[in-house]
Amino acid sequence: MSEQKTPIRSVCVYCGSQPGRDPSFMDAGRTFGRALAESNLRLVYGGGTKGIMGAVAAGVLSAGGHVTGIIPEFLVDMEATRHSLGQLNELIITKDMHERKHAMFERSDAFVTLPGGIGTLEEIVEIMTWGQLGRHTKPMVFANVNDFWKPMLELVDHMSASGFIHTAHLVRPLVIDRIEDIVPAIEARWAETGAPEGDPETISRL
């Protein structure tokens, strides 16, 4: 008897709290948000209502989808407005960044990274690290809008070629240029791996 795999339910999105200089970044955020809602996938994200973060959430809400925002108290007035936060379906305010990241991980079945800055990069690299350590096999995607992530991906290839990534098969991020292709790719990867959660006790110590 074949093992029954649960359907993918929610996607975590990492992205910038600023709009960036290329208008296609904001367009990508709104487009991906709508794609999530149209596929009945919940959005889990950092709670910001400005920049690309706000565009993704607005895209989901405009298409009737569900949004869970997770934000530490000290960022509420920096990355959002309290009025806008009230429009989310679910709002979780954490005491610090560490608690926020774990809450996002626990509520997400896959991770998608749109353009962003140092915080965005740090978040997806941590998820890649957990994958490399065998703590999860949830799908990970770089939405490579206008080759935004090309320098970072070249660095990862350089580290691997230099002998510092010995378990690259455990990372396996998807690199996707077209926003419309992301949800089908996530669903295909989920079906392939079954995406077990990993060991919660180990993850809580990372």
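1. Lys 150 sits in helix H7. Helices here are DSSP runs of H or I with at least four residues, strands are runs of E with at least two, and both are numbered from the N terminus. Lys 150 is partly exposed, because its relative accessibility is 43%. Buried means under 20% relative accessible area, exposed means over 50%, and partly exposed lies in between (1.4 Å probe, protein chains only). Lys 150 and Val 175 are 25 residues apart along the chain, and their C-alpha atoms are separated by 9.5 Å.

2. A word on the model. It is predicted: local features need pLDDT of at least 70, side-chain atom pairs count only at pLDDT 80 or more, and totals for chains, interfaces and linings use all residues. Residues are numbered from 1 along each chain as its sequence is written, and side-chain values use heavy atoms, with hydrogens and water left out.

3. Now the whole protein. It has nine helices and seven strands. Of its 206 residues, 46% are buried. The accessible surface comes to about 10300 Å², and carbon and sulfur atoms hold 54% of that. Accessible areas come from the Shrake-Rupley method with a 1.4 Å probe; for residues, only the protein chains shown count as cover. Take the contacts with a separation of 6 or more: 75% of them join residues 24 or more positions apart. Contact means heavy atoms within 4.5 Å.

4. Helix H7 covers residues 150-161 and also holds Asp 157. Asp 157 is exposed, because its relative accessible area is 53%. With Asp 147, Glu 154 and Asp 177, Asp 157 forms a patch of negative charge on the surface. Patch residues have over 30% relative accessible area and no salt bridge; like charges are joined within 9 Å, and nonpolar side chains (Val, Leu, Ile, Met, Phe, Trp, Tyr) within 5 Å. Asp and Glu count as negative, Lys and Arg as positive; His and the chain ends are not counted. Each charge is placed at NZ of Lys, CZ of Arg, CG of Asp or CD of Glu.

5. Next, charge pairs. Side chains of opposite charge can pair when their charged atoms come close. A salt bridge is a side-chain nitrogen of Lys or Arg within 4 Å of a carboxyl oxygen of Asp or Glu. The whole structure has eight of them.

6. Arg 30 is partly exposed at 32%. Asp 27 is partly exposed too, at 41%.

7. Helix H1 (residues 23-38) also contains Ala 35. Ala 35 is buried, because its relative accessibility is 17%.

8. Which helices do Lys 101 and Glu 126 link? Their side chains meet in a salt bridge of 3.0 Å, N to O. Lys 101 lies in helix H5 (residues 97-106) and Glu 126 in helix H6 (residues 118-132), so the pair ties together parts 25 residues apart in sequence. Both Lys 101 and Glu 126 are buried.

9. Arg 189 is in helix H8 (residues 182-193). Is Arg 189 buried or exposed? It is buried, because its relative accessibility is 12%. Apart from neighbours within four places in sequence, Arg 189 contacts Pro 139, Arg 172 and Leu 174. Arg 189 also forms a salt bridge with Glu 192, the closest N and O atoms being 3.8 Å apart. Both lie in helix H8, three residues apart, about one turn of the helix. Glu 192 is partly exposed at 48%.
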